[in-house]
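Work through the following exercises with the sequence and the model open. Each task is followed by its solution.

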Amino acid sequence: MGLSFGLEPEQEQFRQVVARFADEVIAPAAADFNAEARFPVDIVRRMGEMGLFGIPFSSAYGGMDGDYLTLCLAIEEIGRVDQSLGITLEAGVGLGAAPIDEFGTEEQKQRWLPELVRGERLGGFGLTESGGGSDVFGSTRTRAVRDGDDWVIDGDKQFITNAGTELTSVVTITAFTGDGEMTAIIVPVDTPGFSVGRPYRKVGWHASDTRELTFDQVRVPVANTLGERGAGFRQFLKTLDDGRIAISALAVGLIQGCIDECVRYGRERESFGRPIGQHQAIAFKIADLEVAAQTARQMYRYACWRKMTGLTYKREAAIAKLYASEQAVTAAREATQVFGGMGFTTETRVGRFYQDAKILEIGEGTSEVQRTLISRDLGL
Amino acid sequence: MKVLVPVKRVPDTAGEKKIDPNDNTVDRESVESVLCPVNEFAIEEAVRLKESHDAEVTVLLVGPESAQPIVRKALSYGLDAGLQVTDDAIAGSDALGTARVIAKALEEQEFDLVLFGNQSTDARTCLVPAAVAELLGLPSLTYARHLEIDGGSVTVHREHEEGWDVVTSQLPAVVSVVEAINEPRYPSFKGIMAAKSKPLDVRSLADLGVEPEQVGANGATATMYEFKDRPPKEAGTIVEDDGTGAAAAQLADWMTEKKFV
Ligand SMILES: Cc1cc2nc3c(=O)[nH]c(=O)nc-3n(C[C@H](O)[C@H](O)[C@H](O)COP(=O)(O)OP(=O)(O)OC[C@H]3O[C@@H](n4cnc5c(N)ncnc54)[C@H](O)[C@@H]3O)c2cc1C
């Protein structure tokens with residue numbers, strides 16, 4: 001018997017707890033904090049108290065000793081009611097804390113991880129620059145120059161999630177430290193010369209914090225080098241492989257949210273003497289959403305399983321991310337159609353998801369980048 | 001201090017419940033079973049006593065073996081140990097029968113405080129906490145919307161229609177809490193994982209020295225003879241505001257008639 005699709009009882013129990021938290025605490029507040037483009041710090045703190053930001057980390061740093069699948073289950077359940085908080089969790093864990101956990105020295109872990117893992121503080125990961133995000137090696141202009149025991153950093157970063165919230169403590173950035181030598185460096189946000197721009201006016205993810213970062217002669221100790229000097233490129237490739245699985249879970253949450261909302265509305269709303277869900281044109285749309293959700297869910301869980309079993313998972317993570325994000329965009333469009341005019345308001349979850357879906361095809365590697373990864377892995 | 005929290009497995013409050021016509025009890029198959037939501041307030045209060053008074057908290061459940069996940073669920077909030085009383089003879093117990101089993105189980109335990117939810121969402125009798133206190137000869141403080149421990153005494157705000165009374169008693173005591181007392185937290189993943197390995201003691205009626213005739217359907221003092229479906233909701237009265245102020249008078253009359261004012 002090599003095949004098992006079930007969750008452990010504890011994973012299922014935790015999934016239900018997160019689902020309940022999402023329904024009771026996040027869902028009723030989501031229309032407002034999105035409309036106000038407000039980062040809901042009180043809710044993020046409560047997510048921290050439940051241990052959501054610590055799921056895959058060791059209890060030695062205050063973590064939950066959980067696994068990557070359990071993290072994905074939590075991201076899916078949060079993402080089912082609100083994508084902004086889903087990405088806040090995904091980026092907080094996957095981009096903020098995970099690189100320090102995976103590549104950091106014991107001293108760095110002791111210093112930064114406990115607060116991040118408890119969700120009391122948030123970390124960011126700054127890779128993308130104004131010159132471009134897909135071709136990181138070719139577009140990075142940020143430089144760090146060694147001066148005694150310090151790095152002196154100059155440059156800028158663009159679109160960095162969780163970088164400017166009142167909880168943010170550190171941003172890990174990539175910079176060239178020599179010719180073709182990319183190094184990741186941990187920068188505390190209170191370092192002089194470091195500044196964040198005003199929040200972007202985004203199409204979606206309104207309540208998620210996204211910032212431009214400027215580094216003007218920012219001086220941090222060489223001890224803040226994440227792992228080895230020159231390992232930055234390899235590290236971020238690994239970080240993004242994991243992140244893609246988590247983004248797939250976020251996308252599946254969006255599709256599931258569309259299904260839940262459409263089933264409810266399809267039974268409630270009437271036209272021509274019957275519930276609209278009894279018009280086949282509407283029922284079939286919703287059936288297709290279910291197909292997408294189940295297929296994408298199995299794919300991200302499979303990628304997760306490969307990662308947790310120690311198998312290669314680069315290709316599977318790319319497939320999961322590509323498929324789930326493209327299905328999410330379709331799901332949001334179709335669910336909005338099911339809701340008619342109400343779907344075009346941000347009072348409805350499907351209306352908000354219509355705004356939120358598109359970024360899933362862009363962040364942590366665009367669809368084109370995923371197809372490139374898959375085709376290269378096939379030997380093309 | 002030592003605290004005991006009796007909890008109950010109930011049919012999902014939000015689910016559509018059915019009565020099994022064969023034995024006139026709730027058809028457990030028809031709806032998912034959950035930890036009684038009112039218990040979550042007692043559990044939260046117990047967790048706060050852990051934080052403030054280093055309390056050691058045991059959760060007690062009277063129910064069939066299949067209810068064990070509910071004990072683990074209660075433990076996942078961070079409680080220390082479980083005690084389950086399981087016996088076929090308990091099936092069909094009424095409030096008094098249940099209280100007898102709980103009281104006997106408590107007699108074997110050392111405790112300063114027993115924290116009940118004031119009612120369960122399936123039966124809603126509110127009888128069990130007071131009956132347990134009576135059987136044990138302990139002070140009974142019901143409907144607590146606020147609770148404070150001070151040395152060897154407990155003070156509660158006992159809720160009633162006109163406000164609340166401040167009631168103090170020596171410990172040990174039996175307290176039942178209402179939902180206004182706190183806002184329960186959600187269990188953490190760590191709590192759920194830890195609950196798996198918390199000690200859980202399972203006892204039978206014989207272990208506790210309870211005579212089977214005193215409990216279960218045979219020992220019940222209340223018998224259900226007949227049941228009917230809930231009548232469909234009737235349409236309410238609509239009061240139209242015609243701008244003359246007559247609607248206000250009509251509303252006031254209606255509220256007086258219903259004894260809301
Ligand atoms: C809300 C939000 C949050 C973000 N959070 C973060 C964060 O926390 N950290 C971070 O580092 N970045 C973050 N990003 C940046 C994101 O990862 C990049 O936007 C993304 O990688 C794409 O980079 P780009 O925008 O520079 O597009 P470009 O790289 O300029 O690409 C433009 C277009 O060209 C296509 N393209 C590029 N190269 C090829 C090719 N070889 N073949 C075919 N097509 C190609 C792309 O697919 C895309 O369609 C965030 C972005 C947003 C909008």
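**Exercise 1: the nonpolar core**

Task: In this predicted model, find which residues touch the most other members of the largest nonpolar core.

Solution: The largest nonpolar core holds 183 residues, and A:I255, B:V5 and B:V175 touch the most other members. By element, helix α7 (residues 232-268) of chain A gives the most to this core, with 15 residues. Next take B:V5: leaving out residues up to four places away in sequence, B:V5 touches residues including B:A42, B:I43, B:V57 and B:L115. In soluble globular proteins, nonpolar side chains tend to be buried together.

**Exercise 2: the ligand shell**

Task: Describe the shell around the ligand and explain why the ligand lies between two domains of chain A.

Solution: Start with the count: 25 residues surround the ligand, the closest being A:L127, A:G133, A:S134, A:T366 and A:E368. Two or more residues each come from α4 (83-103), β1 (122-126), β3 (150-161) and α11 (367-377) of chain A. By class, the shell has 10 nonpolar, 11 polar and four charged residues. Now place the ligand: because domain 2 (123-230) and domain 3 (233-377) of chain A both give residues to the shell, the ligand lies between them.

**Exercise 3: two interfaces**

Task: Work out how many residues of domain 2 of chain A are in contact with domain 3 of chain A, then turn to the contact of chain B with chain A.

Solution: In chain A, 12 residues of domain 2 are in contact with 10 residues of domain 3. The domain 2 side has eight nonpolar, four polar and no charged residues. Between the chains, nine residues of chain B are in contact with 14 residues of chain A. The chain B side has five nonpolar, one polar and three charged residues.

How values were computed: Residues numbered from 1 in each chain as written. Chains lettered and ligands numbered in written order. Predicted model: local features only at pLDDT ≥ 70, side-chain atom pairs only at ≥ 80, totals over all residues. Contact = placed C-beta atoms within 7 Å. Nonpolar A, V, L, I, M, F, W, Y, C, P; charged D, E, K, R; others polar. Near = placed C-beta within 6 Å. Helix = DSSP H or I, 4+ residues; strand = E, 2+ residues; numbered from the N terminus. Domains from an automatic or database assignment. Core = buried A, V, L, I, M, F, W, Y, C linked by C-beta atoms within 7 Å. Buried ≥ 20, exposed ≤ 12 C-beta atoms within 10 Å, placed from the backbone.
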